[in-house]
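Please examine the structure before reading on.

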Amino acid sequence: MTVSIVKDLKAAKSLDDLALLLGFSASGLSYILYKSNSAARYTEFQIPKRKGGTRTIKAPEPKLKLLQTRLAEILYNYLDGIEEKKKPFKAVSHGFAEGKSIITNAAVHKRRRYVLNIDLEDFFPTINFGRVRGVFIKDRRFEFDPKIATIIAQIACHDHSLPQGSPCSPVISNIVGRLLDVRLVRLAKEHKCTYSRYADDLTFSTNQSTFPAALAAPDPAAAGKWIVGNALDAEIVGTGFKINHGKTRMQFRDSRQTVTGLLVNEKVNIVPEYYRAARSMCSAFFQTGKYYHRVPAALVGGKAEDPMEDIVYDTPPVLEGILSHIYLIKNTVDRRTSAEKKKEENVTAIRKLYHHFLFYKNFVISVRPLIVTEGKTDPIYLKAAIERLPKFHPKLGAFKGGKFQTTVRFLNFTSTVRDVLQLGGGSGDLMHFIEKYFKILSKFKHAPLAAPVIVLIDNDDGAGKIFGKIQGLTKCPPISTLTTEPFYYITANLYMIKTPEIGKDKGMTCIETFFEDTVLKTVLGGKTLSLNKKHLEPGKYGKAIFAEKVIRPNKATIKFDAFEPLLDRITAVLDHHAAKAPPAA
């Protein structure tokens with residue numbers, strides 16, 4: 001793919017050629033660029049900057065966004081392709097690059113005597129239409145046909161410059177910014193410094209006894225301030241960028257040093273105040289269902305120079321973003337320092353805090369019933385069954401705007417859910433979850449429990465330990481593969497149901513049992529389905545392929561009648577919980 005895209009882009013001469021590479025018709029591409037209403041192509045809004053103030057985001061409308069996404073993809077593939085042919089320039093840009101992040105950017109400046117931070121002013125707007133077009137014509141890595149370069153610039157630019165919010169602006173900004181990086185790497189090396197860039201943040205660091213004046217020096221007119229040196233200023237201005245001189249700052253070893261918002265004095269770490277604020281927000285959220293977050297006044301109708309304001313939130317997303325960021329940093333740093341035998345205490349603390357937050361979000365304050373399945377493919381089967389069985393509309397789902405939506409939701413086994421909540425599917429994880437549920441639930445003073453949490457398991461030999469655990473916790477009568485209760489109430493809003501029993505001997509079933517034999521015997525590429533959970537035999541395919549290649553595309557013609565008893569059990573839980581649950585707080 002990468003080698004092919006290099007040849008194809010080099011050979012492209014017309015709009016038709018580029019449209020083909022982008023997966024668009026020539027008429028479709030032409031309409032977006034030349035005929036659609038230019039005023040309606042973007043939606044503008046403000047977000048807070050990490051260093052204060054606000055940033056204008058210009059989000060493209062869906063068709064333009066798709067076009068820009070595909071342009072970004074082929075440019076990334078193109079760059080990969082040309083780097084395969086030659087020794088690559090050592091990347092010093094850590095923004096918008098695979099395998100790079102604010103962590104890798106900060107890490108190259110650890111334990112330094114001096115750390116200089118410089119901010120580029122109006123980074124994306126500075127990259128105008130002419131620069132975008134010119135780089136694809138003149139840069140030796142590209143040398144595209146001028147017509148192709150022009151069309152790329154037309155796709156990428158808005159109001160004659162790169163908009164922040166476009167999917168292709170990051171990769172193009174790095175392409176344009178490469179000349180700046182090459183020159184600043186050379187300048188830094190000449191003065192025995194380390195240089196890196198993250199979007200518009202430039203950082204230089206060194207352990208020399210004095211910082212090179214060619215890069216920066218103390219401002220004689222203002223104590224404690226530093227000004228950019230002539231040599232550095234000339235290189236930045238000479239490559240078409242501008243310095244925001246008000247944000248230039250020097251950080252010394254005996255004081256706090258940060259790079260892209262992370263501490264670098266000893267090792268990459270979160271600023272303590274940021275973590276303490278997150279912990280305080282969690283405490284308030286768990287106790288009252290609300291928390292405060294400080295934002296720039298401009299976001300709530302004030303002026304940019306006004307003091308920050310506290311905004312009250314009663315939904316998880318803002319706090320979840322903060323905790324996700326902290327956890328990513330802490331977890332990554334911990335893995336990078338794995339030679340240390342013991343994790344830091346605060347790393348363990350953020351894992352526990354994030355665990356409690358995810359538990360609270362998913363199981364305590366959710367207003368939609370949640371089903372926690374044993375298998376990762378089970379939600380695909382159940383969503384299809386609910387859609388195809390009108391008997392369960394609208395209690396379990398309904399069509400909205402021509403699209404079917406379930407009223408219940410299913411726990412998504414993301415990497416975070418697996419790592420932090422320790423839920424990745426399988427009976428072992430579910431047993432541990434059930435065992436710890438009430439203990440963790442007791443930590444939340446604000447616990448509306450408006451929706452039930454349903455653990456769904458296969459009624460087979462692997463369920464024995466879960467049955468025993470529930471019996472021990474609830475003192476209920478014995479549970480086995482033959483018992484036929486529609487559900488088993490455990491505690492608070494937690495329930496367990498098992499796949500309905502079939503047969504008089506053991507009654508064992510798994511969720512795939514309820515498909516017709518003709519469906520289960522579907523042959524794909526000469527292979528047949530294996531329901532073995534632990535081992536995939538030769539000539540077989542697994543449940544994941546069965547769900548994606550057989551059930552999902554053919555749900556309109558598959559009979560789901562045998563799923564009725566299972567869906568009846570889910571609705572029985574909903575009815576039971578609705579009858580017992582107090583109004584949501």
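## Overall picture

A residue is called buried when its relative accessible area is under 20%, exposed when that area is over 50%, and partly exposed in between. By this definition, buried residues make up 47% of the 585 residues in the protein. The model discussed here is a predicted one.

The protein contains 20 helices and 22 strands. Along the principal axes, its C-alpha atoms fill a box of roughly 85 × 60 × 50 Å.

## A helix with a buried side

Helix α2 spans residues 15–22, and its buried residues are Leu 15, Leu 18, Ala 19 and Leu 22. Why do these residues lie on the same side of α2? They cover an arc of only 105° around the axis, and this places them on the same side of the helix.

Just after α2 comes Gly 23, which takes a positive phi of about 75°.

A salt bridge requires a side-chain nitrogen of Lys or Arg within 4 Å of a carboxyl oxygen of Asp or Glu. By this rule the count comes to 18 salt bridges. One of them joins Lys 361 to Glu 320, with the closest N and O atoms 3.0 Å apart. This pair links distant parts of the chain, since Lys 361 belongs to helix α13 (residues 345–364) and Glu 320 to helix α12 (residues 317–336), 41 residues apart. Lys 361 is partly exposed, its relative accessible area being 26%.

Arg 351 forms a salt bridge with Asp 419, and the closest N and O atoms are 3.5 Å apart.

## A salt-bridge network

Asp 568 counts as partly exposed, at 30% relative accessibility.

## A patch of positive charge

On the surface, Lys 352, Lys 436, Lys 439 and Lys 443 gather in a patch of positive charge. Members of such a patch must have over 30% relative accessible area and no salt bridge. One of these residues, Lys 443, is placed in the loop between α16 (427–441) and β18 (453–457). At 41% relative accessibility, Lys 443 counts as partly exposed.

## Backbone exceptions

Most residues other than glycine have a negative phi, and most peptide bonds are trans. Several sites in this model deserve attention against that background.

Asp 159 is not a glycine, yet it has a positive phi of about 55°. It is found in the loop between α8 (146–156) and α9 (169–190). Is Asp 159 buried or exposed? With a relative accessible area of 54%, Asp 159 is exposed. Thr 260, likewise not a glycine, has a positive phi of about 45°. Its place is in the loop between β9 (258–259) and β10 (262–263). At 8% relative accessibility, Thr 260 counts as buried.

The peptide bond from His 393 to Pro 394 is cis, with omega near 0°.

## A buried strand residue

Ile 497 is found in strand β20, which covers residues 494–498. Its relative accessibility is 0%, so Ile 497 counts as buried. The C-alpha atoms of Ile 497 and Phe 487 are separated by 4.7 Å, although these residues are ten residues apart along the chain.

Conventions: Residues are numbered from 1 along each chain as its sequence is written. This is a predicted model: local features need pLDDT of at least 70, side-chain atom pairs count only at pLDDT 80 or more; totals for chains, interfaces and linings use all residues. Side-chain values use heavy atoms; hydrogens and water are left out. Buried means under 20% relative accessible area, exposed over 50%, partly exposed in between (1.4 Å probe, protein chains only). Helices (H or I, at least four residues) and strands (E, at least two) are DSSP runs, numbered from the N terminus. The arc is that of the directions from the helix axis to the C-beta atoms. Patches are made of residues with over 30% relative accessible area and no salt bridge: like charges are joined within 9 Å, nonpolar side chains (Val, Leu, Ile, Met, Phe, Trp, Tyr) within 5 Å. Accessible areas come from the Shrake-Rupley method with a 1.4 Å probe; for residues, only the protein chains shown count as cover. Lys and Arg count as positive and Asp and Glu as negative; His and the chain ends are not counted. The place of a charge is taken as NZ of Lys, CZ of Arg, CG of Asp or CD of Glu.
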